[in-house]
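The stops below go from strands to helices to a single side chain.

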Amino acid sequence: MNKLIIRRLDAAKMFGVSRSTFDDWQRPDSKQFKPDFPKKIKLGPNTVGYLKSELDAYIEKLADLRG
């Protein structure tokens with residue numbers, strides 16, 4: 001199975017939000033924290049990415065919740 005990794009800025013663009021908002025979704029001390037958001041993958045000392053399949057599934061979940 002081919003797993004595509006998306007870098008942080010591109011992942012934020014998938015959701016149409018700023019990088020700071022995207023980062024807030026993952027910070028437990030933020031009012032915007034989303035505990036079920038896909039976890040980042042450390043690619044290097046200062047680089048993270050996300051599995052595209054997990055981001056896509058999260059977008060589908062949001063779409064399903066809109067009623």
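Select β2 and β3: they form a hairpin with two residues between them. Strands here are DSSP runs (E, at least two residues), as are helices (H or I, at least four), numbered from the N terminus. This is a predicted model, where local features need pLDDT of at least 70, side-chain atom pairs count only at pLDDT 80 or more, and totals for chains, interfaces and linings use all residues. Residues are numbered from 1 along each chain as its sequence is written, and side-chain values use heavy atoms, leaving out hydrogens and water.

β2 covers residues 41–44 and runs antiparallel to β3, joined by three bridges. Pairing takes at least two DSSP bridges between two strands. Find Lys42 opposite Val48, then Gly44 opposite Thr47.

Show the whole sheet. It is open, with three strands in the order β1-β3-β2. β1 and β2 are the edges, each pairing on one side only.

Colour β3, residues 47–51, by accessibility. Four of its five residues are buried, so β3 is largely enclosed by the rest of the structure. Buried means under 20% relative accessible area, exposed over 50%, partly exposed in between (1.4 Å probe, protein chains only).

Last, go to helix α2, residues 19–24, and pick Asp24. Asp24 counts as buried, because its relative accessibility is 18%. Its contacts (heavy atoms within 4.5 Å) are Ser30, Gln32 and Phe33, not counting residues up to four places away in sequence.
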